[in-house]
Amino acid sequence: MHLIEQHASFGGTQSVFRHTSKTLACDMNFGIFIPVHAEGTKMPVIYWLSGLTCTEQNFITKAGAQAYAAERNVILVTPDTSPRGDDVADDSAYDLGKGAGFYLNATEAPWASHFRMYDYIVEELPALIESNFPANKTRSIMGHSMGGHGALTIALKNPGRYRAVSAFSPIVAPSQVPWGEKAFSAYLGPNRDTWKQYDATALLASATERLPILIDQGDADDFLLTQLKPELFTAEAARHNHKVTLNLRPGYDHSFYFIASFIGEHIAHHAAALKA
């Protein structure tokens with residue numbers, strides 16, 4: 001692991017590190033914001049998962065989250081969205097391959113050898129963070145679009161591992177929308193039953209934990225009706241007695257302007273749960 005960049009930010013530090021991932025069999029970058037803290041103090045961690053085409057850079061430079069994390073005394077960790085490198089399989093389209101890891105463990109060639117973002121986010125990265133930084137084992141998770149899908153599915157599949165979960169404009173039912181159908185067909189194969197293990201709406205039926213779920217969605221989002229469809233998730237959550245707060249924000253789109261407008265509320269949601 002070595003330092004790529006570091007900047008003073010709201011009394012703390014915003015850094016980017018690179019390390020060799022055994023899970024993904026390539027080098028990976030991640031961003032980490034560490035608030036000012038007393039020597040020997042360990043703080044809870046919020047993991048942010050970004051969307052299609054993003055790297056670790058988009059959130060740390062555009063969301064304005066550091067001020068809120070500093071105020072709440074929580075660490076923010078921002079991984080890349082897929083494996084990277086010359087040996088990693090790719091596709092010419094923006095919604096498959098590099099930048100489009102979909103936070104799952106691929107089973108199909110040529111993706112299976114590197115595209116194991118689920119294991120990376122759930123196991124390898126937290127172990128790295130908790131071993132090398134002033135982080136305790138109290139975690140929460142959030143994300144945007146493809147990353148919102150990742151945050152919801154990872155939280156639902158790992159009861160007891162996270163204190164809170166939230167999402168901006170998440171792909172809540174990837175098995176039922178074009179982005180998910182394309183990615184799941186490539187990464188997981190044609191059997192739709194296997195897709196359910198990475199579909200947040202499908203996972204609600206078997207969820208054994210009832211973390212309150214916070215979702216923000218802009219009603220001017222170009223992808224709302226074709227790719228996101230939050231109503232599928234909220235209807236299924238109601239069927240299974242799972243509390244979901246869906247804020248439909250008038251006039252907001254799919255961009256980081258939207259995320260920056262409400263990231264403070266999301267970090268407050270996480271901080272309250274992390275420190276309960």
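1. In which strand is the place of Val45? Val45 is found in strand 4, which covers residues 43-49; helices (H or I, at least four residues) and strands (E, at least two) are DSSP runs, numbered from the N terminus. The model is a predicted one, in which local features need pLDDT of at least 70 and side-chain atom pairs count only at pLDDT 80 or more, while totals for chains, interfaces and linings use all residues. Residues are numbered from 1 along each chain as its sequence is written, and side-chain values use heavy atoms, with hydrogens and water left out.

2. Val45 counts as buried, at 0% relative accessibility, where buried means under 20% relative accessible area, exposed over 50%, and partly exposed in between, with a 1.4 Å probe and protein chains only. Leaving aside neighbours within four places in sequence, Val45 is in contact with Ile75, Val77, Ile129, Ala135, Asn136, Thr138, Arg139, Ser140 and Leu274, contact being defined as heavy atoms within 4.5 Å. Along the chain Val45 and Pro126 are 81 residues apart, and their C-alpha atoms are separated by 9.1 Å.

3. Thr78 belongs to strand 5 and is buried, with a relative accessible area of 1%. Not counting residues up to four places away in sequence, Thr78 touches Phe30, Gly31, Trp48, Ser50, Glu56, Phe59 and Ile60.

4. Ser113 sits in the loop between strand 5 (75-79) and helix 3 (117-132), and is partly exposed, with a relative accessible area of 49%. When neighbours within four places in sequence are left aside, Ser113 is in contact with Leu24 and Ala25. Ser113 and Ala25 are 88 residues apart in sequence, and the distance between them in space is 7.6 Å, C-alpha to C-alpha.

5. Which residues of helix 9 are buried? In this helix, residues 230-239, they are Pro230, Phe233, Glu236 and Ala237. These residues lie on the same side of helix 9 because they cover an arc of only 135 degrees around the axis, the arc being that of the directions from the helix axis to the C-beta atoms. On the other side of helix 9, Ala238 and Arg239 are exposed. The cover over the buried residues includes helix 4 (146-157), helix 7 (200-203), strand 8 (213-218), helix 8 (224-228) and strand 9 (244-249). After helix 9 comes Asn241, whose phi is positive, near 60 degrees.

6. Grid points are joined across faces, edges and corners, and a volume is the space filled by probe spheres set on the points. The largest pocket holds about 190 Å³ of space. It is lined by 13 residues, of which Leu52, Thr53, Cys54, His144 and His254 are the closest to its centre.

7. By this rule there are two cavities of 30 Å³ or more. The largest cavity has a volume of about 80 Å³, and its lining includes Leu152, Pro159, Val165, Arg210 and His242. Helix 4 gives the most to this lining, with three residues. By class the lining of the largest cavity has eight nonpolar, two polar and two charged residues; here Ala, Val, Leu, Ile, Met, Phe, Trp, Tyr, Cys and Pro count as nonpolar, Asp, Glu, Lys and Arg as charged, and the others, Gly among them, as polar.

8. The second largest cavity has a volume of about 40 Å³. Strand 3 (26-34), helix 1 (57-62) and strand 5 each supply at least two residues of its lining, which divides into six nonpolar, three polar and no charged residues.

9. How many disulfides does a search of the whole structure find? The search finds zero, a disulfide being a pair of cysteine sulfur atoms within 2.5 Å. Cys26 is in no disulfide, and the nearest cysteine sulfur, that of Cys54, is 17 Å away. Cys26 is buried, with a relative accessible area of 8%, and Cys54 is buried as well, with a relative accessible area of 7%.

Notes: On a 1 Å grid over the protein atoms alone, a cavity is a set of points where a 1.4 Å probe fits but cannot get out, and a pocket is an open set with protein on both sides within 12 Å along at least five of seven lines; lining residues have an atom within 4 Å of a point.
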